[in-house]
Amino acid sequence: MRSVFICLLFLTTFSYGSDIDFSGFATLKAVKTDSHTAKIRESISHPHGVEKDELDFSFSSLGLQAEWHANDNVEFVGQLLLKEQHDDQVNNAIKLAFLRYNLNSNWQFRAGRTGLDLFLMTEYRDIGYSMDMEHPPVEFYSIIPHQNLDGVDLQYRAPLDQGIASIKAYWGRSESPIYSDYKFFWNVELKSILGVAVQYETLNWLFRANYTTTKAANEHEQQKQLREALAQVPLQVWPTKNELIDSLYIIDKRFTYSALSMRYDDSKWLVQSELSLTDSNSSVLNRLKAAYITLGKRFDLNTLSFTYSVAKSDNEPSVEPGPLVPLPELIQIYEAASMHSGFYQLDQHSTSLTWRRELSPTLALKFNWKHTSADHLPSAFYLHDTEQFSDPDLSFNTFTLSFNWVF
Amino acid sequence: MKRLLTAVFFLISYPISATADIAVIVNKDNPIESISQRQLIDMYMGKYVAFPNGDMAVTYDYEKSHPLRGPFFLALTGRNESQINAYWSRIKFSGKVSPPQSFSSPSTILENIRNTPNAIGYVPADFVTGDVKVIYQIND
């Protein structure tokens, strides 16, 4: 993918006389929380979480885009997103690098790195200026770290009496990092991603449905070591070890994602909602349900919006009961297995209020207050102050101030 | 050279009013005689960039903050320029559709439409010359 992007940059740089468009977006963001347990982040791919009494700017970002219009039908698009990340910085920074071919006004084909079209806001969730809410709801958007598809998509679009209907099919693979406590890092690879998105849109309304299926292509080295260690433990000492070994093997396990979305925007009122179900045939992830609704009202240059979001999984800790003999080595395996098998044990909701002020047609200021109630911590959504696990605060507030700019 | 001088003359002498009537124009050879508001919205919002006969269109717009851009989109969609920019930042930076090509003045749009059979653009109504075709008009 890196070479595709370099080719794209080469083409855009040296295509004299062609129509090249350079543009970008930037966000300067300050985050503060009162939680003494949860370190706040916007995605499980973020390596850093904001701690209590810390004023953090690490969610700031800069995006740069180049589009080369080879002719009326063929275009190349490349986009770099610069933000804090620890691993494989160039590859992760390339958000888009694809060729777009418009066969005619109805058919469009894309090949290369595109947005992974799971969510209503998939392809613009990093562009703060493009949305009224401060950021996409964490309960809905942060649990799937994969944002890009390395593959192809084909879209058919047709004008109807009142609006435009479209259907898009896509196929490819994707990889993205997951960070968790104790410096856990895993570059998760998904293969055989196959999805379809159906959409109907008028000036004010948008309805969308999505179904996507994929398989896990790799596993974390720690999972492999855990399985090997568990295999050595006698069944009499740990009666549920075989179920645990099975749950820790993730390669080729199938994951599915289904979602329904709607948006209404008549320039004064805004309503947006999404419902999703993420499931797998692995016990690591069982029926994760997530939803949110946003209601907004615009007053001249100001917009006030309210969002309620919720996430709940059916995951039960498959690690229980643990070893019957409390040997230190077994306890160590038990704790590591608990972290892996309980990663997607999620049950929380939050309410948030955002005030957005247009400072100019290309610059906006946003302030957000968010109150989160979690059923339990630790949670995959956050990093944690692990010394506070015995006394988690299950209800906390987060404040965010951001400037969003497009150019 | 004469066209260039004409363009420069317009650039210098034409005071673009934010309240002027706006004409949506196409190349004289374009078979389209008129277009509905909804079709125009679909084209300028990147939803379906084609003329009513299904032919692909090339849309021309003005650079951000040009005085004609805000009134045009407000009259067409009921949305102010900030909302339009937010909308287009969703479409453009997601790589779904290319935004309209942007120009700095009505005279350059007029010039390009004369030379591009499948182009569509908008200019102040009293800017229109006989070598382009008006297919929609937004009255002040």
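Guide: Over all chains, the structure, which is a predicted model, holds 31 salt bridges.

Visitor: Why is the pairing of Lys168(A) and Asp117(A) called a salt bridge?

Guide: The N to O distance between the two side chains is 2.8 Å. The rule asks for a Lys or Arg side-chain nitrogen within 4 Å of an Asp or Glu carboxyl oxygen, and therefore the pair qualifies. Side chains of opposite charge can pair when their charged atoms come close.

Visitor: What makes Lys168(A) and Asp117(A) a link between distant parts of the chain?

Guide: The two residues are 51 residues apart. Lys168(A) belongs to strand E8 (residues 164-180) of chain A, and Asp117(A) to the loop between E6 and helix H3 (138-141) of chain A.

Visitor: How do you know that Lys47(B) forms a salt bridge with Glu201(A)?

Guide: The closest N and O atoms of Lys47(B) and Glu201(A) are 2.8 Å apart. The limit is 4 Å, so the pair meets the rule. Across the interface of chain B and chain A, two salt bridges are found, along with 25 residue pairs in polar contact, both residues at pLDDT 80 or more.

Visitor: Why is the space by Gln199(A), Glu201(A), Leu206(A), Tyr87(B) and Ile91(B) called a cavity?

Guide: Rolling a probe the size of a water molecule over the atoms shows where empty space is left. A space counts as a cavity because the 1.4 Å probe fits there but cannot get out. The five residues named lie nearest the centre of the largest cavity, which is lined by 41 residues and has a volume of about 690 Å³. H4(B) gives the most to this lining, with six residues.

Visitor: How many charged residues does the lining of the second largest cavity have?

Guide: The lining of the second largest cavity has no charged residues, with 21 nonpolar and eight polar. This cavity has a volume of about 510 Å³. Among the residues closest to its centre are Ile178(A), Phe255(A) and Tyr344(A). The lining of the largest cavity, by comparison, has 17 charged residues.

Visitor: What makes a space a pocket, and what volume has the largest pocket?

Guide: A pocket is an open set of points, so the term sets it apart from a cavity, which the probe cannot leave. The largest pocket has a volume of about 1,000 Å³. His69(A), Ser98(B), Pro99(B), Pro100(B) and Gln101(B) are the closest to its centre, out of 45 lining residues. E1(A) gives the most to this lining, with five residues.

Visitor: Which helix gives the most to the lining of the second largest pocket?

Guide: H6(A) does, with eight residues. The second largest pocket has a volume of about 720 Å³, and its lining has 15 nonpolar, twelve polar and three charged residues.

Key. Residues are numbered from 1 along each chain as its sequence is written. Chains are lettered from A and ligands numbered from 1 in the order in which they are written. This is a predicted model: local features need pLDDT of at least 70, side-chain atom pairs count only at pLDDT 80 or more; totals for chains, interfaces and linings use all residues. Side-chain values use heavy atoms; hydrogens and water are left out. A polar contact is a pair of N or O atoms within 3.5 Å; within protein, one must be able to donate a hydrogen and the other to accept it, and residues adjacent in sequence count only if both atoms are side-chain atoms. On a 1 Å grid over the protein atoms alone, a cavity is a set of points where a 1.4 Å probe fits but cannot get out, and a pocket is an open set with protein on both sides within 12 Å along at least five of seven lines; lining residues have an atom within 4 Å of a point. Grid points are joined across faces, edges and corners, and a volume is the space filled by probe spheres set on the points. Helices (H or I, at least four residues) and strands (E, at least two) are DSSP runs, numbered from the N terminus. Ala, Val, Leu, Ile, Met, Phe, Trp, Tyr, Cys and Pro count as nonpolar, Asp, Glu, Lys and Arg as charged, and the others, Gly among them, as polar.
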